[in-house]
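Open the model in your viewer and keep the selection panel at hand. We will go from stop to stop, and each stop begins with something to select.

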Amino acid sequence: MDIATLIGIVGGFGLIVATIILGGNPGGFVDVPSVVVVIGGTFASVFVMFPLKAVVGTFKVGMKTLLFKAPDPNDVIRTISGLADTARRESLVALEKVAIDDPYLKKGVMLVVDGSSEALVRSVMEIELDFMKQRHRMGQGVFKGLGTMAPAFGMIGTLIGLVNMLQNLEDPASIGPAMAVALLTTFYGAVLANVVFLPLSKKLEDRSEEEALYMQIMIEGVSSIQKGDHPTVVKEKLQAFLAPALREESS
Amino acid sequence: MDIATLIGIVGGFGLIVATIILGGNPGGFVDVPSVVVVIGGTFASVFVMFPLKAVVGTFKVGMKTLLFKAPDPNDVIRTISGLADTARRESLVALEKVAIDDPYLKKGVMLVVDGSSEALVRSVMEIELDFMKQRHRMGQGVFKGLGTMAPAFGMIGTLIGLVNMLQNLEDPASIGPAMAVALLTTFYGAVLANVVFLPLSKKLEDRSEEEALYMQIMIEGVSSIQKGDHPTVVKEKLQAFLAPALREESS
Amino acid sequence: MDIATLIGIVGGFGLIVATIILGGNPGGFVDVPSVVVVIGGTFASVFVMFPLKAVVGTFKVGMKTLLFKAPDPNDVIRTISGLADTARRESLVALEKVAIDDPYLKKGVMLVVDGSSEALVRSVMEIELDFMKQRHRMGQGVFKGLGTMAPAFGMIGTLIGLVNMLQNLEDPASIGPAMAVALLTTFYGAVLANVVFLPLSKKLEDRSEEEALYMQIMIEGVSSIQKGDHPTVVKEKLQAFLAPALREESS
Amino acid sequence: MDIATLIGIVGGFGLIVATIILGGNPGGFVDVPSVVVVIGGTFASVFVMFPLKAVVGTFKVGMKTLLFKAPDPNDVIRTISGLADTARRESLVALEKVAIDDPYLKKGVMLVVDGSSEALVRSVMEIELDFMKQRHRMGQGVFKGLGTMAPAFGMIGTLIGLVNMLQNLEDPASIGPAMAVALLTTFYGAVLANVVFLPLSKKLEDRSEEEALYMQIMIEGVSSIQKGDHPTVVKEKLQAFLAPALREESS
Amino acid sequence: MDIATLIGIVGGFGLIVATIILGGNPGGFVDVPSVVVVIGGTFASVFVMFPLKAVVGTFKVGMKTLLFKAPDPNDVIRTISGLADTARRESLVALEKVAIDDPYLKKGVMLVVDGSSEALVRSVMEIELDFMKQRHRMGQGVFKGLGTMAPAFGMIGTLIGLVNMLQNLEDPASIGPAMAVALLTTFYGAVLANVVFLPLSKKLEDRSEEEALYMQIMIEGVSSIQKGDHPTVVKEKLQAFLAPALREESS
């Protein structure tokens, strides 16, 4: 899934670069001051918009979106029904010795092992879920802010270029190239917003819903284990969270 | 109803092509690199926006929207009251032998035959309804994403063309055609968005509501059969879901 | 009230036509292919957006909006308190012989005469109210769709005209008129959207609220009659639905 | 507060007129047909959008917004605690003889004097509050409609001017002035929308909330008087509606 | 955090000024009448939109956003658990002598010391919280209004400049500079909106949520102290409001 993100961004840039090269004058599309004013200005405005930590955290979030390998939900369900099996055959305390990869699931199971009340386990896990959602919402907000500000600074850059050009019309030969350079900032702003920032903001939204689903499965699973449900019942309960096509037949 | 979708898309393209031909220079409206950058870039961005499976699934959804023949809701009601009749004259178990075309209705009836509790039958059918709605919402989102990105990439293509043109103003004779080609991507983007993507996104929304209505009729119908309601009562209950003009007089 | 709709549309078109005639060249504003591509394309897209029946029904709805004479709410209240009077002096069954113009009110009264339970009468009338609202929402959606698509097809038409013009710059004398014709589709789209489609969509919204108010008065009135309320009480209850300035003094 | 509205509108127009005069050619900014088509067209569309009475009522509402002097909420509270004092020292009936300026408060007190139940007094006053809000919402809608339609008709006027100009390019000297006149409608539309209509729509929203606050204070006050609360308690209860900085110390 | 706001605004302006200087003609970007019409007109419209006090208060709010140093939430929690400790070891009344910096926390503690009921303490503190949110919402509204009106007045200024220029085309040499000046207002409007007003409006939204969080921690803390909770319990309860990464280990 994360490959689609990479393919999409690389493909979008590739198509644009190819179109530029086909035009026969790729050098005309590179203008360092234009790049600086669009990217710099966009980030400056986003620094005003959001707390410093949120902007910095966004890059990590963006990376994670690219690299995140969504686990097979059936694996999650299998792990949990395995834990239910152990809990039933041995005891809840025996879960302490089982190795659990997912830190969120592990935290929930440890709370059960410690003998916390069901309400406490659920509340602790749900607070964590809420904070995950809030962090993602902040990240989406940052990408959306970048996607709104990039075209705005593109336009500001173009206005600067146009004013400069209009005040120096003596040399007709320079008008065309000057206007071309003026348009570059609008071009950079449009590319950054539509190839990178806005699509990533949308992806983050989908990813957040997906991660929330895994966490909800884990909350229900831990709760079901704590209640002493039979592993088959645990599995059936958790499969209700999956689209019918994704459900495994319980053999 | 699906014929309207086809007529609308074909008609929209037809009118645009006719207008182009009337202009006397249809060849001037075809530019393969422009087509590639608009369509390619639009899909690249949508690949970043949505999980790979969602984008691929969208084509199936689009096809289904074109080909889907909405059943007459009175047929659905008649089928269900027929089942109610069988259940009353023979028994709930006798429903097992009745041939039911609709897989959703069939699933519900089979659960009843298996002796599942009323709450379980309803819950299983409602989860399925929720997943249908969610899949359709994802499909609408993909079409809306395509409809937003097509004009954006149209503008990006036009900016590339304008920058190229402005840097080569030496030959006045080439300015017009170069600008014409630059405008083509904006044209392609506007046509794709307004003739295909945005209208299909809206249609999918209507279709989703319509399908949800059929499924709700089936949920109520199965529930009513399970309660042992008289076929006439079943029919009356279900007709409340229809617009007055669509209701059949119960003879 | 409907006269305002007519005056508004005729006045809007009149002002535009007068401005055109003042410009001295009214012939230059008529271009049949441009009219066809804007109107045709707009409707083609709306056919994709909505079920066929909804688009066709919209014209009836539009006509009704133009011709609909809103009844005086005090007449409605007087009619209902008259019915309450008859019901009290004679009996609920005596209402059967009273002539009632409004089919919705008549249906409710007939249900009461038939001895239906209060809950059933209310539920039947409220379902009808919901369907009225839903039909109006669909109608508003169609007009809003037309108002969104008209400028889009105006822009598409202008892009076609510009591309044609730019590829034929040899004859300088033809540039002006060609660009004028290109702009006509944008002009047509803007006029259709802002003089007809968007305002009618808004009017339909107001009208839907108004009609819902009458129907709610009728629901409460029928319910009050069924409870055997005194005509004066019925009247007082129903006047609570009116703006203070509209309330009649009960003499 | 109303002075700010007046200063804002006069100041906005003043700055624009001063800029025009500085440009040295104020006569070039007056074109009667352009004024007529923008203002006339805007109102024509708004007549289609809203019931006739709503549009006419809007001017009264607009005037009221300009001239309305917001009462000091502490005066309102003092009046009500004065009434509570009278009611306690003498009787509820004694309130009949007290002169009350505000018609809304008076109506509520009269209902109490007439011995109406607490629920009835509250319900009558709340219905009145709802109608006030609805009237204001309609007024805001009309101003928002004017603010949307003014730029649209500005654009329509400019398109008419451009088409006329493009069809008469023979005399190069007339091109500039013709285009200047064409731009005037866009200019008028932008000024009307941004200096008058949209800001007034926003102000009406604030004003509506403010008036609703006074009315809520009165509802609570009348209810508190009817319950026989001590004047000090009445005052304390009502001061909870005020921002801390506005609260008077009860001496 | 407030440093990010300052860096963002200074950085945004710095980049724009640097780009202008690089263009070689910084004098061409200063035009006093253009500055006056954009800033003056923007504020004039905002004076119509909002009550006078709200606009004036906004500058204070804006300053506060720049200078506000967000306290470490763990400090707040430590202070409150210190108070809980004092209350437990000595008595609730002993809290009167403890020095409390935060006026909001102090007010709540004083209410507890005065022996007010738990419901009253909570209600008084929550009303204060609501007023804080409302004041911030008003402030955000003012900045959003400024951010919407600045580009609108930029466009109005440009239209004035264009009309002036088009009516004086005799001197070709003046066309370029005249158009450059006309574009300046659009440039000023875009810079003000995107570097200052819109980002500050967004920051205020984040800041308001942050401040509400501190106040909610204080409400819960005071309530917990009043209930006589053990300091450790108080601390645990309040840490649930923090993101996991911010929680201190209770040693």
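Before the first stop, one reminder: this is a predicted model.

**Stop 1: chain A against chain E**

Select chain A and chain E. How many residue pairs are in polar contact between chain A and chain E? There are six, with both residues of each pair at pLDDT 80 or more. Salt bridges between chain A and chain E number zero. Together the two chains bury about 3,000 Å², and carbon and sulfur atoms give 76% of that area.

The biggest giver is α6(A), with 14 residues. Colour this side by class. You will find 23 nonpolar residues, five polar ones and one charged one.

Step back to the whole contact. Chain A brings 29 residues to it, and chain E brings 39 residues.

**Stop 2: chain C against chain D**

Hide those two chains and select chain C and chain D. Here 39 residues of chain C meet 30 residues of chain D. The buried area is about 3,000 Å², with 77% of it on carbon and sulfur atoms. Look for salt bridges between chain C and chain D, and the count is zero. Look for polar contacts between chain C and chain D, and the count is six residue pairs, both residues at pLDDT 80 or more.

Keep the side of chain C that touches chain D on screen. Two elements of chain C give two or more residues to this side: α1 (2-22) and α7 (172-226). Of the elements, α7(C) gives the most, with 17 residues. By class, this side of chain C holds 24 nonpolar, 11 polar and four charged residues.

**Stop 3: Gln167 of chain D**

Select Gln167(D). Where does Gln167(D) lie? Look in the loop of chain D between α6 (118-166) and α7 (172-226). Is Gln167(D) buried or exposed? Its relative accessible area is 18%, so Gln167(D) is buried. The cut-off for buried is under 20%.

Now show what surrounds this residue. Setting aside residues up to four places away in sequence, Gln167(D) touches Asn25(C), Gly28(C), Pro177(C) and Ala180(C). Draw a distance line from Gln167(D) to Asn25(C). Their side chains are joined by a polar contact of 2.8 Å.

**Stop 4: Asn164 of chain C**

Bring chain B into view and select Asn164(C). Helix α6 of chain C, residues 118-166, is where Asn164(C) sits. Its relative accessibility is 12%, so Asn164(C) counts as buried. Which residues is Asn164(C) in contact with, leaving aside its neighbours within four places in sequence? Look across to chain B: the residues are Gly23(B), Asn25(B) and Phe29(B).

**Stop 5: rings that pair**

Zoom in on Phe43(B) and Phe197(B). These two form an edge-to-face pair, 6.5 Å centre to centre, with 80° between the planes. Phe43(B) lies in helix α2 (residues 32-49) of chain B and Phe197(B) in helix α7 (residues 172-226) of chain B, so the pair ties together parts 154 residues apart in sequence. Phe43(B) counts as buried at 17% relative accessibility. Phe197(B) counts as buried at 9%.

Move to chain E and select Phe43(E) and Phe197(E). The ring centres are 6.5 Å apart and the planes lie at 80°, so this pair is edge-to-face. Phe43(E) is in helix α2 (residues 32-49) of chain E, Phe197(E) is in helix α7 (residues 172-226) of chain E, and the pair links parts 154 residues apart. Both Phe43(E) and Phe197(E) are buried.

Finish this stop in chain A. Select Phe29(A), Phe187(A) and Tyr188(A), and you will see a cluster linked by ring pairs.

**Stop 6**

Last, select chain B and chain E. No contact joins them, and their closest C-alpha atoms lie 18 Å apart. Chain C and chain E do not touch either, with their nearest C-alpha atoms 18 Å apart.

Conventions. Residues numbered from 1 in each chain as written. Chains lettered and ligands numbered in written order. Predicted model: local features only at pLDDT ≥ 70, side-chain atom pairs only at ≥ 80, totals over all residues. Heavy atoms only, no water. Contact = heavy atoms within 4.5 Å. Buried area = accessible area lost by both parts, 1.4 Å probe. Salt bridge = Lys/Arg side-chain N within 4 Å of Asp/Glu carboxyl O. Polar contact = N/O pair within 3.5 Å; in protein donor to acceptor, adjacent residues only side chain to side chain. Helix = DSSP H or I, 4+ residues; strand = E, 2+ residues; numbered from the N terminus. Nonpolar A, V, L, I, M, F, W, Y, C, P; charged D, E, K, R; others polar. Phe/Tyr/Trp six-rings, centres within 6.5 Å; stacked < 30°, edge-to-face > 60°. Buried < 20%, exposed > 50% of the residue type's maximum accessible area, 1.4 Å probe, protein only.
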